[in-house]
Amino acid sequence: MVSSSKIALSAYELVEEVKVGSISVEDYIASMIERIGSMDERINAYITLNDHALEEARMIDKMVKGYSNDNGSYATKSLLGVPLAVKDNISTQGIRTTCASRMLEDYVPLYDATVVKRLKGAGAIVIGKTNMDEFGMGSTTEFSAFGATHNPWVYERVAGGSSGGSAAALAACMASIALGSDTGGSVRCPASFCSIYGLKPTYGLLSRYGLISYANSLECIGLMARSVLDLALMLKVAAGSDMQNDHTSIDANSSISLDLESMNHDLKGMRFATIREIVESEGTDEPVRDSMFDALSSVERLGAVVEEVSIPSLRYALASYYTIAMAEASSNLARYDGVRYGYTAQPDGVAWNEFYSKIRSNFGSEVKRRIMLGTYVLSSGYYGRYYMKAQKARALIRDEMLKVLNHYNAIMLPTMPILPPRIGERISDPLRLYMVDICTVIANLAGIPALSIPYSMYNGLPIGVQFMARHLDEPLLLRIAYALESARGDKVRRCMI
Amino acid sequence: MTSIGNSDARVRIGLEIHCQLTALRSKLFCTCPADYRGKEPNTNVCPVCLGMPGTLPLLNRRAIEYAMMLALVLNCKIPSRITFYRKNYFYPDLPKNFQITQYNAYEQASVGVDGVVELDDLDGSSKTIRIRRLQLEEDPGRLAYDGSIDRSNYALVDYNRAGVALVEIVSEPDFNAPNEVRLFLNRLASILEHLGICNPALEGAVRCDANVSIGEQARVEIKNINSFKDVERAVTFEITRQRSLAARGIEIRGETRHWDDARRITVQARAKEEEEDYRYFPEPDIPSIVISSKDVEAIKASMPELPHARVERFVNVYSLSRDTAKILVGEKHLADLFEASIKYYDNARSVANWIVTDLKGYLERYDDGGGDGSSSSSNSVILAKVTPKHIAELAMLVDSGKINRATARQILQRVIATGMLPSAIVQSINVDMLSNKDELASIVDKVIEEERKAFMDALSNEKALNYLLGKVMRYSNGRADPKLVLSMLKERVIGTSKTGQ
Ligand SMILES: [Zn+2]
């Protein structure tokens, strides 16, 4: 078995050891599965484990030992043997993919999502599928048909959401890298609450093919890791045009340079903007504000200039975001009707509409709420009042954000305005719950990349800081994180070992 | 007014026509074959057209090009941005419970808008039919029942057709008579064939809904008309139905009726269709397509020759009469056969006449025998057996006087039955025209002997001469050259009158 210090290795360190043969992938995966077995009953990060993970690990070991005919092609595989946790709304061929919903409890996809396929192609091993808010609808991973995920740092707190399982799995060293999805902050929120890195890429940079749709025009597959270098490694593999599967994907691989090693550890010449409306908001918790100011002086020490700007349209952000997301969701989720796959019932002697109602009563309460609200805002006569207006507000917000980014390299803000809440604390009041997404949704509305960086801890509760950049300027975000990783010192613990 | 039959300005008919783009290789949003016909249920499917979770639609660019071609031919405007919308409703033949289609209420988003078609074949008069819009959308799957829909205990779903590209053409209610509808649909079918985007002869490739209203009375929708042929019948029936109700003072209700093609009547839809709210919104997975004037020009340049231009060419280049040219071009396969045949025999007018009168006449007789809408496909079976070489030889044999037209028509039947070349058939059945004077003389003499009275009458009466000719033809089993026989008979009549016998 592998020692616990090895279990906490970053992916890029693990790959080096695998390639020189100093770590057996089979041992590594076996140790990780054992760790999941002992820890996950409490944390509940995983919904399903990959039955074939050990088999895939053995194949890699064979390859490395040269028993295979594969003449050293493994040397180019940048994620060789790396255990990958995949959010359960991202399709994995042969491994059930539930979206944390009763509706898809037994649904096994016939194909891999493009991003999963690419990571597997680079040698990653899917270790399991992680818990989430049902269909991605939530910010705490409490709205799951499989129970809430607990925050590994403070058990009675939430892990954040909706990609809470992936974040918790990383923080608890039950995976080395992870995939999430980010519709309005679903990767960055749990990253912040669990003290890991969470990247929401530029809209279209990662193919959405295989990501089970919640709100198509807003969501992206997001990357999660415990180190900046791991994030860069994943991005290099996962990014790139997928025009044969996804019309909204963009071909930008060549324009993204990710050579972090050669980067300076300073931020000289950088200009960052903070947003007055958020810094001054009463909704921002004191420890979060303090951490933000601390991060601000850190980047100034690294040579950056930080100024405060105003984005007045921000007050429309949540309304715009939720209107669009729910409208798209109401249509996307219509396909779950028990006819072709997923949860079903005996249809004999039942009229269509009755059958549909029976089947669709299996959605959780938050999903039902969003489907109904989304149906309402699209109804004829209300379309202009809600959906069209929300799209206009979205355009306004995007324009104001891009204008700020014309003058500044990045926008700096807290990831979450609050500390991780206690389990059960927020979900009873949906409006209060929706409020906490204010710092994250704006990146989705504008389609720009955003990165949550673990920055500090308050009474053992992780706090992240967030940067947003221009379209396709992921390299800048990684560079900021790389500089901060050394500047933040020991304010942050990397994982639970 | 009278020239267009029972045209009545109070009658208003509008059409909603669906044409599958059968010439596409794949479906509208995935790579499954567009040709779903004759396959085992649910085998022509993939994760995308089954709407499996996580799949995304992938637009078939050729479908846009084809739809644009049709829009241009119907004189539509092409908007500078084409956008797809989702039409949301629950029905088991829709894998996603929404249909990706187009919608013009919030912007001009469909492939074509505001077109016009001139109907100029109305015996001298002409009229304009306005096209409201032309849009591209996906076909749903199909439901199968155990017997009739009312009695069936279950419904089976076949998604083989789901996702096939469909063009919807919506006209304004500008038709005033059923024959105008027929002319329009014939014209449309010929355009579809000439563009090579849709084969209207394939089962289910073209479908039509019609709406009919008379005067200030309510509008009635007729759905489920599954061939162009039946549209005229359905509309005619509906006008008659509404008129007879009106005559009895019964108010006409606005309703949806279905065309029952077996009984050839319209029947009230089973359940009153609910007023549905389709909650249209732009499809987020397919970015709007920006169309430049350059794109439109490129499409125009890539278009094949259209029916109108082809008629002109036939008239100018081959000296065909306009009527003959129109009949040929009205059915593209006939025009194609004509052009291929004159490569073997360059008497264009003779070849054209052969196709328009003899071949088409044969097909129509066959058609009447078949009776239903499937006749056009049996016609295509027949046409597959008649090659350009066959037509050329038949025309040539008649022109050279080797066989007469009646014999040629018999040979055509044998061509269709056997696929043999006409020249070979002529030899095999020895139907060469009897043009040997000695051989004919014995038959002529025999007839004159038997029909002495008629022969004497023929001295003063032309009809009697024709009677004698008919008799000679019968004795020769139709092989005699009628021109020659006639001249021989006349010779003898004149000879008789001279000698005063
Ligand atoms: Zn398909």
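In which sense, parallel or antiparallel, do β11(B) and strand β12 (residues 255-260) of chain B pair? The sense is parallel, and four bridges hold the pairing. One spot to look at is Lys223(B), which stands opposite His258(B) in β12(B). Before going further, keep in mind that this is a predicted model.

Let's stay with β11(B) for a moment and turn to its other pairing. Strand β10 (residues 206-214) of chain B runs antiparallel to strand β11 (residues 220-225) of chain B, and four bridges join the two. Here you can pick out Val212(B), whose bridge partner in β11(B) is Val220(B). The hairpin of β10(B) and β11(B) has five residues between the strands, and in it Gly215(B) takes a positive phi near 60 degrees. As background, strands of a sheet pair through backbone hydrogen bonds, either parallel or antiparallel.

Ala450(A), for instance, stands opposite Met468(A) in β11(A). In the loop between β10 and β11 of chain A you'll find Asn459(A). Its phi is near 50 degrees, which is a positive value in a residue other than glycine.

Chain A has another backbone detail to spot: the peptide bond from Gly161(A) to Ser162(A) is cis, with omega near 10 degrees. Look for Ser162(A) in the loop between β3 (125-130) and α6 (164-171) of chain A. What makes such details worth a glance? Most residues other than glycine have a negative phi, and most peptide bonds are trans.

Side chains tie things together too. A search of the whole structure turns up 53 salt bridges over all chains. One of them links Lys129(A) with Asp88(A), whose closest N and O atoms are 3.2 Å apart. Lys129(A) sits in strand β3 of chain A, while Asp88(A) is in the loop between β2 (83-87) and α5 (114-121) of chain A, so this pair ties together parts that are 41 residues apart in sequence.

How do the two chains meet? Chain B brings 33 residues to the contact and chain A brings 40. The area buried between chain B and chain A is about 3,200 Å², and carbon and sulfur atoms give 60% of that. Across this interface the rule finds one salt bridge: Asp285(B) pairs with Arg208(A), and the closest N and O atoms are 2.8 Å apart. There are also 18 residue pairs in polar contact across the interface. On the side of chain B that touches chain A, the elements that give two or more residues are β3 (85-88) and β14 (281-282) of chain B. The residues of that side of chain B divide into 23 nonpolar, five polar and five charged.

Those two strands bring us to the last stop, an open sheet of three strands with the order β4-β3-β14 (chain B) and antiparallel pairing. β4 (98-101) and β14 of chain B stand at its edges with a single partner strand each, so one side of each has no neighbour in the sheet. Two bridges join β3(B) and β14(B) in the antiparallel sense, and Arg86(B) stands opposite Phe281(B) in β14(B). Which helix packs on this sheet? That is helix α11 (residues 317-332) of chain A, which touches β3, β4 and β14 of chain B.

Notes
Residues numbered from 1 in each chain as written. Chains lettered and ligands numbered in written order. Predicted model: local features only at pLDDT ≥ 70, side-chain atom pairs only at ≥ 80, totals over all residues. Heavy atoms only, no water. Pairing = 2+ DSSP bridges. Contact = heavy atoms within 4.5 Å. Buried area = accessible area lost by both parts, 1.4 Å probe. Salt bridge = Lys/Arg side-chain N within 4 Å of Asp/Glu carboxyl O. Polar contact = N/O pair within 3.5 Å; in protein donor to acceptor, adjacent residues only side chain to side chain. Nonpolar A, V, L, I, M, F, W, Y, C, P; charged D, E, K, R; others polar. Axes fitted to C-alpha atoms, helices over the stretch in contact; angles between N-to-C directions.
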